[in-house]
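Here are my notes on this structure, point by point. Please read them with the model open.

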Amino acid sequence: MKDRLQDLITGPTPSRQDLTAAALALFEWQREHLPALRAFAGEARPTQLEDIPAVPVSLLRDVPIRHPEAFQVFRTSGTTSGRRGEHWLVDTDLYELSARRWFEHCVPDCPVHCTLSLVPEPARAPDSSLGHMVQQLAPQATWHFDARTGVAPSAWQTLAAAPEPLFLATTAFALADLLDQPGQAQLAPGSVVMVTGGFKGRRTTLDAATLRTRAEARLGSGLRWVGEYGMTELSSQCWDTGAGYRPPPWLHVWTADPATGRPAPEGLLCFVDLANWSSPLAIETEDLGRVCGGTVTLLGRLPQARPRGCSLTAEEARWRR
Amino acid sequence: MAAVAQAVSVYGAMDPAPWHTGLSPEGARFALAHATAPYAGRSLAWPAGLRPPRRTVIWCAGNVFTAPLEWTATLAAAGGQIVLKAPSAVPEPALALARCFAAQGLPVQAHALPHDQAWHLLDDADAVLGFGSDSAMLALDARLGPSVRRALFGHRVSAAVVAGVRDVEGLVGDAVLYDGRGCKSPVAVFALAEAEAVAERLAAGLAEASVAVPRGRMEAAWGPRWRRRVGLARILDHAHAGDEWAVPVLPARWFEPEPLPRLVPVHPVADLGEVRQALAGLPLGSCATNLDPSAARALHQVLGFPVVTPPGGLHATALDGHHEDTDIRAVLGEELP
């Protein structure tokens, strides 16, 4: 199964028919090998992508849906309270393949050899999927964020001293934390700023446009800004380079009426991720959005949904400062 | 008092379907019929030795639209003026209730206002009866002068404790009324015996009821919670579920006090200690049970439920002036010298 999915990810863009066939086969394989998913899915007999029983992300805070051989776990942000959602994987091969391929496709010529990361370092936070992703995209990254203390003062020194284009990987709240600190840099043209994690925290909400204006005033104005939308529970990410978030061909995105879970023109974002080979491939989020022309527009969180996202860790640290 | 009886009768004959109660038209009609039926041929006595309030404000909640009826009728029958603060999201039931009473010459009025614009209604009130969220009741309490008599009811958790299937069909009606959103709706059924048979009976009853009385509106925020709880039950035990109802069977440690419409979890338990542990710290309302009377007393004494009733009786009113274990007349009335 894994080899088939690897071929799907590395091969030409699959047709809808091929994607559906692969997803349905993967679902049946998962039903056989993941006991909790088998119980969750019950008697479901999906015939199309939207029929595959989608696991609500909140359920993954209660019980792991885990392949018996899974050993790697990514966890959702768990800062001040509450259980953390868990994404168990047998291995991270397809996660890494998926992350690299789609990033390189969407953000070509990114100066990853010179990366400053304001997301959790995998060595310190091995269960952070975001940190793992950044490490895959930029193995030479330097890490300037601590979950307890926030953005390190060394970040500005590194930014100011960067002699060549730089890749700045950050969450929205870590960027705000950086801008709260004294410092100035003029990043070289061709530098890329990746912002992820959402702008709405537990205590504060950031305005994306204001944050960007503030950042340009301190980092330079000739930067490429890209947005990343990913989730702990997914192995694939969507990238926004200016025209909306684009999912990779092996990640099917659809929207559900929040009340019923059935397909609707806009609503809860639901994903069928064929890179989730050993973990539930169909996920129902608590994020609202719309899919149009192959791109995803984010419309915020479902009202009353618990705040989540990798930005929260930075928000907590920023609040403590 | 004939005027009150006539007002209740007219109110009960109205069609609540357009009232934005969140219930289906059938659900709203079922609730209104259930709420008004006990008044037929009954009088609402006010105790001798108590002077009724001259002017009472009833602060209404939005989830159980018929809740103001009993107190409006009781206080109007005693000769008092009543001001209904209608919930701004669901104003029609209280406005209609006031119209029915006013048409009989009874001094009842209603105002649909947001909380923060309704404080002036409290002016000149000598008694206030409130229903709503804990925070709303705290805010209301803070607005009242020390001389204003008050009975304020925040959130309560009601449940059922059963041993076997006897009479459990009654719980279906308890769960269907108001789509399970009221303080007297059972948020869970604790089964001391025959849990699976209890779940099957409830499932069959809810499935049947959903045909005659379809579920009403499902709020967007409830959907993921509904699917999570059904999914959780499927993984940890099992669940019975239809499009509009669900009976997840879950260990008692997964008890959750949050009600979801027509979702009635069954928790198999070994003894009442397990129930007490699940309910610890919660403000308890009513409990339905099919235990024999001596065992049922423990639900009051050991668990702390102020009201214990047979299945099917959670929403029943005795028209005796009590809400839960509080005699509203004694709290709002003033002892005569």
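1. Contact first. Two residues are in contact if their C-beta atoms, placed from the backbone, lie within 7 Å. On that basis, and leaving aside neighbours within four places in sequence, L166(A) is in contact with P111(A), C114(A), L116(A), L187(A), A188(A) and S191(A).

2. Ground rules. This is a predicted model, in which local features need pLDDT of at least 70 and side-chain atom pairs count only at pLDDT 80 or more, while totals for chains, interfaces and linings use all residues. Residues are numbered from 1 along each chain as its sequence is written, and chains are lettered from A and ligands numbered from 1 in the order in which they are written. Helices (H or I, at least four residues) and strands (E, at least two) are DSSP runs, numbered from the N terminus.

3. Back to L166(A). The residue sits in the loop between α7 (154-161) and β8 (167-171) of chain A. Is L166(A) buried or exposed? L166(A) is buried, with 23 other C-beta atoms within 10 Å. The scale is this: a residue is buried if 20 or more other C-beta atoms lie within 10 Å of its own, exposed if 12 or fewer, and partly exposed in between, with C-beta atoms placed from the backbone. S191(A), one of the contacts of L166(A), is 25 residues away in sequence and 4.6 Å away in space, C-alpha to C-alpha.

4. Strand β4 of chain A. This strand spans residues 115-118 and is covered on both faces. T115(A) and S117(A) are buried on one side, L116(A) and L118(A) on the other. Two strands pair if DSSP finds at least two bridges between them. β4(A) pairs with β8(A) in the parallel sense over 4 bridges. β4(A) also pairs with β5(A) (residues 142-143), again parallel, over 2 bridges. S117(A) has a bridge partner in each: A169(A) in β8(A) and W143(A) in β5(A).

5. A hairpin in chain A. β15(A) (residues 282-292) and β16(A) (residues 295-301) pair in the antiparallel sense over 6 bridges. C292(A) stands opposite T295(A). The hairpin has 2 residues between the strands, and G293(A) takes a positive phi near 60 degrees.

6. The sheet of chain B. Five strands form an open sheet in the order β4-β3-β2-β5-β6, with parallel pairing. β4 (108-112) and β6 (149-153) stand at the edges with a single partner strand each, so one side of each has no neighbour in the sheet. Neighbouring strands are turned by 15 degrees against each other on average, direction ignored. β5(B) (residues 127-131) and β6(B) pair over 5 bridges. Within that pairing, G130(B) has L152(B) as its bridge partner.

7. Axes are lines fitted to C-alpha atoms, for helices over the stretch in contact, and angles run from 0 to 180 degrees between N-to-C directions. α3(B) lies across β2, β3, β4 and β5 of chain B, at about 165 degrees to β3(B). α4(B) lies across β3 and β4 of chain B, at about 160 degrees to β4(B).

8. How those helices pack. α3(B) (residues 67-77) and α4(B) (residues 92-103) pack at about 25 degrees, with axes 11 Å apart. They are therefore roughly parallel. Angles under 35 degrees count as roughly parallel, over 145 as roughly antiparallel, 65 to 115 as roughly perpendicular and the rest as oblique. The contact uses P68(B), L69(B), T72(B) and A76(B) of α3(B), and A94(B), L97(B) and F101(B) of α4(B). By class there are 6 nonpolar, 1 polar and no charged residues. Ala, Val, Leu, Ile, Met, Phe, Trp, Tyr, Cys and Pro count as nonpolar, Asp, Glu, Lys and Arg as charged, and the others, Gly among them, as polar.

9. α9(B) (residues 272-279) and α10(B) (residues 293-303) pack at about 40 degrees, with axes 11 Å apart. That makes α9(B) oblique to α10(B). L272(B), V275(B), R276(B) and L279(B) meet A298(B), V302(B) and L303(B).

10. Between the chains. 14 residues of chain B are in contact with 19 residues of chain A. The chain B side has 8 nonpolar, 2 polar and 4 charged residues.
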